[in-house]
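Dear colleague,

Please find the structure below, handed over for your work. My findings follow directly after it.

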Amino acid sequence: MYKVRMVRREHNSMWVEVIVPIMSIILAVAFGWLFLSWSGHDAAATYMRMLNGAIGSKYNLSETVVKAIPLMLAGLAVSLAFRMKLWNIGGEGQLYMGAFAASGIALACGDMSAWLLLPLMLLAGFAAGAIWGGIPGVLRAYWQVNETITTLMLNYVAIFWVSYLVFGPWKDPASMGFPLSARFSLNAYLPVLGTTRVHLGLIIAIIIAVLFYIILNYTRWGYEIRVSGESQEAARYAGINVTRNIILVMLISGGIAGVTGMIEVSGITHRLQQGISPGYGYTGIIVAWLARLNPFAIILVAFLFGALLVGGFGIQTMGISYSIVLILQGAVLFFLLAGEFFRKYRIVLTKGD
Amino acid sequence: MELSALVPFLAAAIVAGTPILFAAVGEVMAERSGILNLGVEGMMLVGAVMGFMITIVTGNHWTGIIAAMAGGGLMALIHAFITVTLKGNQVVSGLALTIFGTGVSGFLGKSYQGMPTADPFTPCVVPLLSDIPVLGPILFKQDVLVYISIILALGFWFLLYRTSWGLTIRSAGENPAAADAVGISVSRVRYLCTIIGGIMAGLGGAYLSLAYVPSWQENLTAGRGWIAVALVIFALWNPLRAIAGAYLFGGVEALAFRLQTAGIQISSFFLSMLPYLLTILVLVLVTVRLRQEAGAPLALGVPYDREER
Amino acid sequence: MKREPLIEMNNISKSFPGVLANHNISFRVYPGEIHALLGENGAGKSTLMSILAGLYRPDSGQIKVRGRQVQFRSPRYALESGIGMIYQHFRLVNNFTVAENIVLGAKRRGIINRQEGMEGKVQELSERFGLGVDPAARISNLSLGEQQRVEILKMLYRGCDVLIMDEPTTVLTPREVQDLFKVLRFMADEGRAVVLITHKLHEVMEIADYVTVLRKGEVAGSDRIENLHESDLTHMMVAREIEYGQVNRNTAPGPAVLEIKGLQVRGDLGYLAVKDATLDIRSGEIVSIAGVAGNGQRELVEALAGLRTPAKGSIRMKGRDITDYDIRKRLELGLNMVPEDRLGMGLVPNISVMDNSILRSYYRPEFSRGPFLNYSRIRKYARSLVENYNIYLSDINYPVNFLSGGNLQKLLLGRELDKRPQVIIASYPVRGLDVAAAEAVFQLLLRERDKGTAILLVLEDLDDIFRLSDRVAVMYDGEIRAVLDADTADLNTIGALMLGAAPTGA
């Protein structure tokens, strides 16, 4: 008889790091195949349509990028907090607050030149997100209040706040009863690439990723964050001001999530409205985790997720409901989570008696 | 508010609080054993749609309830497998479960959208007790699931704090190594409690589709799963306090709804923020006062690996 | 008459990634005996007993209990066979009461807990064995000695007749050790068996009936205690004569470098952990703090290092009042500290050796270029540390987790000594190290003393204290009760002071 044992891996080869996620995705695709066939769909055609919808044409590719931009930013935002083992799951709320503040500026100073207005909106978005992330940061830094819970709770407060605005004081009288703010002036539109909807946000996301990489790996402050993330005790022993860094990191993390909101309203919707984010803040967490907090990997994983989202819209035209896309998405995640296990452990068969 | 208006309002608060009470008590059980499951929303949705479909098919709401429990429990089983057996990240797995559950419920319920329930739960009037002025119509003219939810909350409280099983469950969430050392199977306890959490979330969902609404539409839960997660913290991981909290949160929902129908839409958004703000407040107060993690199980969210050295 | 062994372990092997912890070990325990399992750290004692207790599964070999072959898939099965293990880190739920911890997971009880019944039964058992613990007390309010008694009760409550204790005396005062030994003897006389994992020879000679010595994962010898001498045991343990370096006292210390006056420090829970500490440490001397763990040593050291703000009193260094200085300012003045928690505070886990080498100096201009770290300098510096302090490692880019305990400590100590300190404070610098590594650490400290550094050590082993220190400060209940010359003080006086006896004379 053979016994099955799990043995923790000490050091991982590149091979394991690469092959395991690929196997996970292959298995998820296989699962989806079975599921689609079982539910009476043509799996091959569906996948082809999905792929085509995501990257099949220049336009589709650009739409994928459009979806990937907020995921990149949201993923980068939370990844910084995660580096310090601060579980900021409030990216969604911080995003909404950023969108709110940026919209406020856009609506109030519509005739300002774009050169001034856009940076101002960016700053406002950052500041509002920073405050929304900073509150849990302060609570955590001074009183050890669990930031996972406070950030999660504040998401709802922010979403309700934006709903209040678009249903109430900011509602556009010309919107025929829809909960929308007035459309921004053209000065508040983020520049786009050619005729696509791909906007300046892509450049901003890439710049932030590069900055993160440099800061974390090459600067004194990045060193402090890495040390604090591994052990707060060691950080205190090193004379690092942990309290200040917790607040700072939560401010920046929230701020970047706020920028995500600014970029969505300024680059895509051009007005404040309900549901500006279909959960980018949450998906950002998944993106950051899958990318193992590596800034460049976040850009890549966000792109893959964008493809999954856009591809999902694509198959709706085939009469396949969006629910199936969600099921496939969930399955991909489950398989990747399961893959994590095989990355950390080896399964050993030993001859037992 | 006039008494005549207050009574139906309070009765409505209880009804609105019941689905989150089911789900929150279940989540208390899971978290007490050390497993954080952020997939409550997804499990509720699957419970809601399963309960609804099976009730339509069989014409009997009790078979629907059983189906809802099975649906929620199966969803939780996925989470348990990933987080207990595979020691996966609990936050990510919970989020994935919500996405998955939203998809599954939408897929299953597609052809049932907007249909009326075949056999909804209706209020049952408790003889004598319901004649008590004020209290009678609030407490004793509710449907049977309301009573079941209270009984289950009381029962799980008793289980947790007055029985050896409760001791076992709490030890798995506080110090799994200690539990393991006395021969308790931490994995088994965590599996069981996570699945109980799913069953209860399924019940909460079924309450929506079979009693509260009672109908099925996509995303029927509309964020109540997340309110249940908040309620667990608000109740400081105690099923008894969850009863009070559920009706408070239910009252907020009922009030918001009333204001909305009265055309005072704006302030209803501020009301809806209340449960979340209150939860933060409670958390801050308790943390500051106790100078620790506010009664949260110490090993919450941490996978247990015996041979980790 | 040939007795039947209670436990029989045959040809047990177990390996962890990279280490062969147990190799082909056979081990027998008979009823009524106290069996010492002796060996250096890393000899495989704990691993072997964890296998017997069902925590680890052996790679090969078999276990028989009362002649019947068994396979323990988890601690539950071992417990059901009557085998219970008390680990060095107690497995107790801090938020539960004593009684709750004891009945936790136990079989043959009703489902509903009745407080009084539960506590009554525990009380009864506690009295029978003379353990004296309050069943209604919360674990978090108990001393380590009391917690250990709870652990023993837990095993007795389950009817264990084989009790394994992993280094049980480390957290106890000499008096508590005697009490523990009485309880163990009582249990053995009842026909139970006790396995005592230890590395202290005198304990073995004092209490054990039988001893098995492990060395590098193999059995080095096994016999009745009457047939053995202490020197035999030493030889079996290390297979070489340990040559302790000759330690000469420093007879002419310099002026006081660190002066502590009337210091009060609060512990984590807000009570005064250090109630009154007054102590001078002079240049070129080693002062050791003797005391049972948990009497305020940790808080005192943290207050001196700047990790904890004192509630009252003053700390002066070279005449300057540094009470309000933060840790970095003290570091700049030359006050260095080697913390008790080596991998977690002293060194950062999962971060490379190189990054760890600058943990306490990363902010200095020599390692910076503007806001950036100067990695070419850092690399050079890390290499020099590794070379100067004989640290064995394959690559400075690997995480420190790959280093052995001894090399971790050399890296940590080397990093601190390299700053040319005026004062060194080190907590338990040799805890968990094998004899050779401990000796290397001692030599480093002595060399440092001879350079004129003022050194304050917190040590647990009285033998080490006597060998190394020039003066001994005894701490009890948050107070420094007495400061004695190591040459003139005797073990009994210090032992009594550690237990709270009033100091006699001047």
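In this predicted model, Arg215(C) has Glu218(C) as its bridge partner in E10(C). Arg215(C) belongs to strand E9 of chain C, residues 210-215, which runs antiparallel to E10(C) and is joined to it by six bridges. Both strands are part of an open, six-stranded sheet in chain C with mixed pairing, ordered E6-E7-E8-E3-E9-E10. Strand E6 (83-86) and strand E10 (218-224) of chain C form the edges, each pairing on one side only. From one strand to the next, the twist averages 15°. As background, the strands of a sheet are paired through backbone hydrogen bonds, in either a parallel or an antiparallel manner.

Turning to chain A, the domain assignment gives domain 1 as 1-25 + 323-353 and domain 2 as 68-308. The centres of these two domains of chain A, taken over C-alpha atoms, are separated by 32 Å.

Also in chain A, helix H3 (residues 58-83) packs with helix H10 (residues 242-269) at an angle of about 170°, and their axes are 7 Å apart. Angles over 145 degrees count as roughly antiparallel, and H3(A) and H10(A) are therefore roughly antiparallel to each other. Among the residues making this contact are Val66(A), Ile69(A), Pro70(A) and Leu73(A) of H3(A), with Val249(A), Met250(A), Ile252(A) and Ser253(A) among those of H10(A). By class, the residues of the contact of H3(A) with H10(A) comprise 18 nonpolar, two polar and one charged.

Chain B touches both of the other chains described here. Its contact with chain A involves 38 residues from chain B and 35 residues from chain A. On the chain B side, at least two residues each are supplied by helix H3 (61-85), helix H4 (90-108), helix H10 (224-234) and helix H12 (265-290) of chain B. H12(B) provides the largest share of that side, 14 residues. The side of chain B that touches chain A consists of 25 nonpolar, 10 polar and three charged residues.

Where chain B meets chain C, 20 residues of chain B are in contact with 19 residues of chain C. Helix H7 (164-174) and helix H8 (176-181) of chain B are the elements giving two or more residues to this side of chain B. H7(B) contributes the largest share, six residues. The side of chain B that touches chain C is made up of eight nonpolar, seven polar and five charged residues.

Yours sincerely

Notes: Residues are numbered from 1 along each chain as its sequence is written. Chains are lettered from A and ligands numbered from 1 in the order in which they are written. This is a predicted model: local features need pLDDT of at least 70, side-chain atom pairs count only at pLDDT 80 or more; totals for chains, interfaces and linings use all residues. Two residues are in contact if their C-beta atoms, placed from the backbone, lie within 7 Å. Helices (H or I, at least four residues) and strands (E, at least two) are DSSP runs, numbered from the N terminus. Ala, Val, Leu, Ile, Met, Phe, Trp, Tyr, Cys and Pro count as nonpolar, Asp, Glu, Lys and Arg as charged, and the others, Gly among them, as polar. Axes are lines fitted to C-alpha atoms, for helices over the stretch in contact, and angles run from 0 to 180 degrees between N-to-C directions. Angles under 35 degrees count as roughly parallel, over 145 as roughly antiparallel, 65 to 115 as roughly perpendicular and the rest as oblique. Domain bounds come from an automatic or database domain assignment. Two strands pair if DSSP finds at least two bridges between them.
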